[in-house]
Amino acid sequence: MTDHSSTTRYTVDAIIRPLTPQDDAAIAAVIRDVSAEYGLTPDKGFSVADKTLDCLSEVYQAQGAQYWVIEYQGKVVGGAGVAALAGNVGVCELQKMYFSRAIRGQGMAKKLTRQCIEFAKQHGYQSMYLETTAVLVEALALYEKLGFNHCQHLGQTGHDACEIAMIMSLLTNITMPRKM
């Protein structure tokens, strides 16, 4: 069971805290709303189509997995998670990072991604992998700025519409070589 005791408060009066079952509907709504805003429809193979979207608190109970939500003015407005990437020993995946308009541009994506990276390091992962799409321009820029590099797709995530795969070494401050 993952430790769910860490809560972090930031100056924009937003709180990053572990997902609870009471948050499932709210974070699923954020993911659906943001996906619709960017044209990431369920029929195209994006994470909005995941069968587990309405019960994420159950999904992230696995050892070495965690999902956090961002609470702002009493509402869940975003989140992101980390879980092992099936079939890839020592590799975790940064998953389901979505933010409603209310919190964008406040630096929370960077803070939450760094929190995910620290969690992954503490749980012994050697690399962090993610999949995204070019339409998420802001996310792509953030990932590159934080040191993620483009790579080949790994594993069977079920998100075949995400044409961009990225990875970051967690072993040192040196990023892995680019693979295109």
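## A guided look at a predicted model

Visitor: In which strand is the place of K96?
Guide: Welcome! This is a predicted model. K96 has its place in strand β5.

Visitor: Is K96 buried or exposed, and what is its relative accessible area?
Guide: A residue counts as buried when its relative accessible area is under 20%. K96 falls below that cut-off, so it is buried, with a value of 11%.

Visitor: What is the phi of K96?
Guide: K96 is not a glycine. Even so, its phi is positive, at about 45°.

Visitor: Where does Q73 lie?
Guide: Q73 is another residue other than glycine with a positive phi, near 50°. Its relative accessible area is 62%, and a value over 50% counts as exposed, so Q73 is exposed. As for its place, Q73 lies in the loop between β3 and β4.

Visitor: How far apart are the end C-alpha atoms of helix α1?
Guide: Helix α1 covers residues 24-37, which makes 14 residues. At 1.5 Å a residue, the helix should span 20 Å. The model agrees, because the end C-alpha atoms of α1 are apart by 20 Å.

Visitor: Within what arc do the buried residues of α1 fall?
Guide: The buried residues of α1 are D24, I27, A28, V30, I31, V34 and S35. Seen down the helix axis, they line one face of α1, because they fall within an arc of 155°.

Visitor: Which exposed residues does α1 carry on the face turned away from its buried side?
Guide: An α-helix has 3.6 residues a turn, so residues three or four places apart point the same way. On α1, the buried residues pack against α2, β3, β4 and β5. The face turned away from them carries the exposed residues A25, D33 and A36.

Visitor: Which residue with a positive phi comes just after α3?
Guide: The 15 residues of α3 should span 21 Å, which agrees with its end C-alpha atoms being 21 Å apart. Among the buried residues of α3 are M108, L112 and F119. Just after this helix, a positive phi of about 80° is taken by G124.

Visitor: Which element gives the most to the lining of the second largest pocket?
Guide: This pocket holds about 370 Å³ of space and is lined by 18 residues. By class, 12 of the lining residues are nonpolar, 3 polar and 3 charged. At least two residues each come from β5, α3 and α4. With 4 residues, the element that gives the most is α4.

How values were computed:
Residues numbered from 1 in each chain as written. Predicted model: local features only at pLDDT ≥ 70, side-chain atom pairs only at ≥ 80, totals over all residues. Heavy atoms only, no water. Expected span 1.5 Å × (residues − 1). Buried < 20%, exposed > 50% of the residue type's maximum accessible area, 1.4 Å probe, protein only. Arc of directions from axis to C-beta. Contact = heavy atoms within 4.5 Å. 1 Å grid on protein atoms, 1.4 Å probe; cavity = no way out; pocket = protein on both sides within 12 Å on 5 of 7 lines; lining within 4 Å. Points joined across faces, edges and corners; volume = space filled by probe spheres on them. Nonpolar A, V, L, I, M, F, W, Y, C, P; charged D, E, K, R; others polar.
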